[in-house]
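Please view the sequence and structure below before reading on.

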Amino acid sequence: MAYLQLQGIEKYFGAHRAIKGIDLSIEKGEFIVFVGPSGCGKSTLLRLIAGLEHIDDGRLVLDGKDITHAPSSKRDLAMVFQSYALYPHMSVYENMSFALKLAKVDPKVIDEKVHNAARILDLTPYLHRTPKELSGGQRQRVAIGRAIVRSPKVFLFDEPLSNLDAALRGQTRVEIAKLHRDLGATTIYVTHDQVEAMTLADRVVVLRDGVIEQVGTPLELYDKPANQFVAQFIGTPQMNVVALSQAPESVLAQAPEGARGGAVGLRPEHVRVRGAGSTPVVARVDLVEALGAETLIYASTPLGAQFVARQNERTALQAGQAVSLDIDVAHAHWFDTAGRVVPPATH
Ligand code: ATP
């Protein structure tokens, strides 16, 4: 049986059904990321697991025990918030030891656990400082340390990096990945950032409007999205999705019957920009983004379809120049009118 099981979980806020019958099985040691646009219900789902919100229907089972209505303190879970939620007047040491002290754990054991967590998180030199004497990244590590000392069955993270600047976010992301590797702890992590989701997760859960759109490994979601929503949510820049009515003739010719009236999706790495006249797909450059290691070229066809192409080589192309597009139709994703994936035609 799975370590943590969500069975038909429902949550209403008044008449608003925020979580709509979620089923999910999480294995011991897995790093699961909930991702989705603002308002999709990812924080609510995490708070339901944490016991910070009441579950209106369904069951939550952890390690064989029904915890659907257990109080938060009895769930054996530890949550790390975006806001850190540290006690400002307490030192790092006191912040990290507080929950264990309340639980009347032997002071010797507490000391050992706090020093161990501090060592793992590089916080040993700061144990006697108060939170205001720390940087944002260090504060977030204290919040993580406070969770570690409790040795919970599951770690819950609610957008823990969103208060940090881009460089620190990248660095802390690597630290969290390493921490998970070292501790092997079951983790559920909420973010709206699909790059965080892709880099941290064993499995990603994509949510929209309170339902799960797809669950899979990062590359499963990237290579085999179940629908147009997931296809466009995962990957930067976004997958090109073009209505078949605007698709170039060579693409249209490969479209399966079921995609009639729908759309075609192509990852930016599956579109190459060539010199004018090299392929039948005529286009004009709209914009070139030179990012250093890669270059993004936005180009539109006469039918009004815009494609972004990603390449490693730099380019001298400029906006307004005529080009042609080399489209790798073998890698196309086909969508029906409802945005569901349609298998490719077999020729
Ligand atoms: P974000 O990325 O913006 O934090 P989210 O995916 O975490 O979004 P939730 O915070 O889980 O979304 O909210 C899901 C839905 O439930 C939203 O429509 C939100 O307005 C609503 N909601 C959340 N908390 C409450 C509440 N306490 N009372 C009423 N409605 C709420």
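Helix α5 gives the second largest cavity four residues, the largest share of its lining. This is a predicted model, in which local features need pLDDT of at least 70 and side-chain atom pairs count only at pLDDT 80 or more, while totals for chains, interfaces and linings use all residues. Residues are numbered from 1 along each chain as its sequence is written, and side-chain values use heavy atoms, with hydrogens and water left out.

**Cavities**

- On a 1 Å grid over the protein atoms alone, a cavity is a set of points where a 1.4 Å probe fits but cannot get out, and lining residues have an atom within 4 Å of a point.
- Two cavities of 30 Å³ or more are present, a volume being the space filled by probe spheres set on grid points that are joined across faces, edges and corners.
- The second largest cavity, of about 30 Å³, is lined by L121, R141, I144, T172, E175, I176 and L179.
- The largest cavity has a volume of about 60 Å³, and its lining includes F31, F155, F157 and H180.
- Four residues of the lining of the largest cavity come from α5, which is the largest share.

**The α4 and α5 pair**

- Helices are DSSP runs of H or I with at least four residues, strands are runs of E with at least two, and both are numbered from the N terminus.
- The axes of α4 and α5 (residues 166-183) come within 11 Å and cross at roughly 20°.
- That angle makes α4 roughly parallel to α5, a term for angles under 35 degrees.
- The contact (heavy atoms within 4.5 Å) is made by G137, R141, I144 and I148 of α4 and L168, E175, I176, L179 and L183 of α5.

**Pockets**

- A pocket is an open set of points with protein on both sides within 12 Å along at least five of seven lines.
- The largest pocket holds about 600 Å³ of space and is lined by 23 residues, with L77, A78, M79, A99 and R150 nearest its centre.
- Helix α2 supplies five residues, the largest share of the lining of the largest pocket.
- The second largest pocket has a volume of about 240 Å³ and is lined by 15 residues, of which A330, A332, H333, W334 and P344 lie nearest its centre.
- Strands β18 (333-335) and β19 (341-342) each supply at least two residues of the lining of the second largest pocket.

Terms used:
Axes fitted to C-alpha atoms, helices over the stretch in contact; angles between N-to-C directions. Parallel < 35°, antiparallel > 145°, perpendicular 65-115°, else oblique.
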